[in-house]
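Please keep the sequence and the structure in view while reading.

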Amino acid sequence: MTRECAVLLPGVCAALADPRQPGLDDTCLEKLLDWFRSLTWFDPTVELVQDNPCLTELITSVLALPDPSPSILSFTLQLAGILASSESRFQHLQQEKLLGRLFGQEGPRGGAAWEDASVRSAWLKGVHSMVHHQPALHFLCSSGGMDVIFALQGDPSLFVASAASQLLVHMLTFSVESEPSKALSAKDCDWPACAQTIVKHIEESLQSSSACHIEQSLKLLSSLFGSCFGSCYAAWTEVLWLDIAKQIESFLLEETVQAQPLLANLLLNVARSAVFCGTEGSFWALVTSALEHLTPVQAGPLAVGLLKLCKCPQDVRIQALTVLLQPMDCILRAASQPLEYAGLLDESVSDPVTVESLLSSKTSCAGLLCQTLAHLEKLLSLKHLRVDLPCVSLLRSLVTILQFCNGFLSPTSPLGSTISRNLINCFRVQKSALDVLAALSEKKDCDTLIGSLFDVLLAYLHSPNTSPTVLKKTFQATSKWLVHLQELSCSNSQWQQTEKILEDVFLVLQKRLCSPCWEVRDSSLEFLTTMVKCLRDQKEFRQCLLSSEVLRLTENLLEDPESYVRASAVTAVGHLALLTCFAPEAPAIGNQYNKESTVAKLQEILSTDSEGFPRRAVISIFTTWLREGCTGQLEDTEQFVSRVIQTVEHDLDWEVRLGGLELVEVFCSQTICQLSQCPYAPVSSAVTSSTPQNELLQVFCRAKLFGFLFRSLCDCDKPVGQRACDVLIGLRGHFYPMSTLENPQEIEDSPAGRGIAWLQRTLRQGSLAQNFPTDGGDGVNFQDPESMMLALGAIDLLELHDELNKSSDHVEESPQSLLQDILATVGTIEDNEVDCY
């Protein structure tokens with residue numbers, strides 16, 4: 001603790017203990033506790049409380065109050081726990097007889113204050129902080145604290161109940177790791193005293209007739225096996241599991257037990273522990289039993305979790321996959337009668353009638369399918385899945401679900417008819433199915449279903465009943481499958497099928513670009529942009545695009561009344577320009593698509609659009625063009641960049657200005673590459689006589705880059721200043737080897753040098769951008785190569801970089817500032833207006 005803080009702390013403690021003072025903001029108190037946590041973490045000695053007696057005086061004063069406020073009592077409980085986290089400070093507080101009055105029987109747990117959930121929560125947090133040494137553990141066990149914690153497991157406040165469970169996990173783990181154990185094996189073990197108490201409580205609760213107690217213990221066990229206890233204490237984990245396994249098995253077989261939903265999470269956490277790595281043993285038999293006896297909704301999370309485990313036995317893994325595929329299998333079998341295709345599964349894990357009844361119910365059908373589809377999407381995202389997914393049958397099942405949802409399929413079986421009625425216009429299922437459909441596009445062997453797959457996708461794109469959110473998902477799935485289709489047609493010459501599908505896609509896209517719903521127009525433009533990015537090199541795609549009305553309609557949307565749509569139209573037009581304007585073989589398709597016209601339209605949007613989204617989109621597209629080398633010769637690019645940054649530097653949107661800096665960075669990098677023999681060659685120490693270096697400086701000065709960059713250093717939005725500083729440091733690294741930086745003292749005598757010295761002072765002051773001279777005032781000429789060379793070499797850009805990267809409240813965040821804020825706040829009746837960080 002600093003001397004300044006030690007001087008302020010007594011006043012703060014006195015104010016906190018004074019009932020006449022107004023209550024402090026809870027954020028202030030939390031920050032104060034955070035400070036004490038950091039102090040005690042780094043220094044376990046007793047000096048903190050001995051050198052600052054005001055801390056124990058604060059605790060004593062609060063305990064003496066007849067009716068302390070819940071917030072101050074909660075603060076005091078947590079503070080005492082933090083201070084007692086080391087054994088030496090614990091003993092000191094015990095000698096002062098404070099801990100018993102806070103955490104013992106004579107503490108608040110027997111009074112009216114205990115009715116406040118924040119006090120109960122603070123008591124638990126204080127105990128949790130304190131129990132990091134044996135004396136604290138013994139104190140708690142001997143003072144009746146364990147019974148209090150057990151009772152708080154069932155607290156009506158979820159925060160309190162959760163804190164009690166976390167504390168028991170911590171205490172059991174600490175007890176096991178800190179007390180020497182006797183002969184340890186599954187048959188002969190001797191739990192340490194505190195651990196024995198907790199384990200006995202768990203066993204008794206599991207055998208209780210109270211569903212609430214059973215549920216609390218199952219949650220506690222799940223947290224315990226999922227914590228470091230399960231991963232670091234394998235022998236104890238096995239001992240504990242063997243004690244409770246029979247009871248867990250009985251819960252699985254008793255269908256009336258309400259605790260069944262918790263069993264899946266418990267078994268998964270046990271499976272993740274370090275104990276059950278082998279393929280033999282009763283544990284995996286119990287997991288298999290759980291997959292059979294839990295309902296499909298309960299078993300789903302267990303199944304997907306098991307499939308992610310590398311140590312799960314293969315037969316259990318196959319069974320888990322079967323659980324996930326069962327609803328999809330049922331859908332496929334219900335679609336046609338007699339069966340047109342084989343289902344996904346040869347046999348089921350549990351009774352198929354259970355799944356059929358869930359899918360037949362209006363209330364459970366969508367929920368089961370959405371959960372199943374979410375699990376399947378997770379599995380498809382895994383790089384290494386240790387079971388083979390039947391992708392073709394899965395894809396057929398997805399197509400069937402989507403047909404059910406939009407009424408495209410009229411099944412003849414009674415079950416199919418019921419499921420179809422349940423799913424009609426079910427947006428939740430449609431979105432989930434389309435997500436899985438998109439994920440399947442990266443899998444092989446689905447080629448035989450391409451035709452029927454695109455029939456369904458196009459039907460969704462055409463249908464007026466498709467909601468905007470489902471349409472967006474349909475577009476995303478369609479773009480992924482179009483990429484797959486292109487790869488397929490390249491390999492097996494299915495040109496005709498590809499061309500027909502693309503023609504149909506562009507027809508429906510034309511329709512959707514004219515939709516009265518702005519979300520639909522926006523999604524359509526995003527889809528178009530994605531297609532151009534992925535397929536612009538494909539001849540069939542370019543032909544279909546250029547023969548459609550899509551180009552004209554997209555240009556029209558640059559004037560859409562909705563700013564989101566205008567921004568998406570800018571992005572689409574920018575990427576289309578790579579095909580229509582900038583491509584070497586750009587087609588002659590009318591004057592309205594020429595390069596000058598497109599650039600002029602986007603520059604007009606950049607300078608005149610009232611909303612930030614379209615302007616951000618323009619600067620992003622200009623940067624993309626620059627990266628792609630679309631802006632022509634160096635002279636053209638120089639003029640283009642100059643015009644853009646002169647527009648951007650006055651933009652009120654900081655993200656637009658930041659985009660302008662990214663454009664400048666790309667321009668600098670490309671220009672250096674063009675004018676230097678080798679972009680990574682070391683620069684000669686005689687840089688001022690180097691023709692390429694002079695030419696570079698002249699290009700940058702003509703483009704007015706330096707004025708933009710130095711003014712951006714003082715931008716009122718910090719990310720802009722940080723990016724500008726990064727660009728300038730990069731330029732200095734090119735123009736100056738580290739050993740040849742200018743000496744500011746030596747250059748100040750020249751007129752240019754005096755201007756540079758003024759610039760350095762101005763930058764250090766951090767003047768706002770609007771106060772920064774734009775006319776080269778005080779002798780700084782931002783378009784003079786010699787002056788800018790001096791500026792790069794003399795100004796301490798690294799110092800500026802450090803300043804810009806400091807948190808804006810690095811001073812206000814100090815503990816000293818916090819204590820000053822608290823002292824300034826107490827004693828005032830008005831609302832707390834102090835800026836407590």
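Is Lys97 buried or exposed? Lys97 counts as exposed, because its relative accessibility is 62%, and exposed residues are those over 50%. The model under discussion is a predicted one.

## Two lysines with positive phi

Lys97 belongs to the loop that runs between α6 (87-95) and α7 (99-103). Its phi is near 55°, a positive value in a residue that is not glycine.

With a relative accessible area of 32%, Lys704 is classed as partly exposed.

How many disulfides does the model contain? The count is 0. For Cys54, the closest cysteine sulfur belongs to Cys13 and is 3.9 Å away. A disulfide requires the two sulfur atoms to be within 2.5 Å, so the sulfur atoms of Cys54 and Cys13 are too far apart for a bond.

Cys54 is buried, as its relative accessible area is 8%. Cys673, at 40% relative accessibility, counts as partly exposed.

## The largest nonpolar core

In soluble globular proteins, nonpolar side chains tend to be buried together. The largest nonpolar core of this model has 282 residues, and the residues with the most contacts inside it are Trp123, Trp241, Leu306, Phe700 and Phe710. Helix α19 (residues 314-335) gives the most to this core, namely 11 residues.

When neighbours within four places in sequence are left aside, Trp241 is in contact with Phe225, Ile248, Leu267, Val270, Phe276, Phe283 and Leu286.

## An enclosed space

Where is empty space left inside a protein? Rolling a probe the size of a water molecule over the atoms shows this. A search of the whole structure finds 3 cavities of 30 Å³ or more. The second largest cavity holds about 50 Å³ of space.

Which residues line the second largest cavity? The lining is formed by Pro296, Gly300, Val323, Leu324, Pro327, Leu368, Gln371, Thr372 and His375. Helices α18 (296-308), α19 and α21 (362-381) each provide at least two residues of this lining, and the largest share, 4 residues, comes from α21.

Ser157 is placed in the loop between α10 (145-152) and α11 (158-178). At 16% relative accessibility, Ser157 counts as buried, because the buried class covers values under 20%. Apart from neighbours within four places in sequence, Ser157 is in contact with Ala117 and Arg120.

Thr529, by contrast, lies in a helix, α28 (residues 518-535). Thr529 counts as buried, with a relative accessibility of 8%. Setting aside neighbours within four places in sequence, its contacts are Ser568, Thr571, Ala572 and His575.

How values were computed
Residues numbered from 1 in each chain as written. Predicted model: local features only at pLDDT ≥ 70, side-chain atom pairs only at ≥ 80, totals over all residues. Heavy atoms only, no water. Buried < 20%, exposed > 50% of the residue type's maximum accessible area, 1.4 Å probe, protein only. Core = buried A, V, L, I, M, F, W, Y, C linked by side-chain atoms within 4.5 Å. Contact = heavy atoms within 4.5 Å. 1 Å grid on protein atoms, 1.4 Å probe; cavity = no way out; pocket = protein on both sides within 12 Å on 5 of 7 lines; lining within 4 Å. Points joined across faces, edges and corners; volume = space filled by probe spheres on them.
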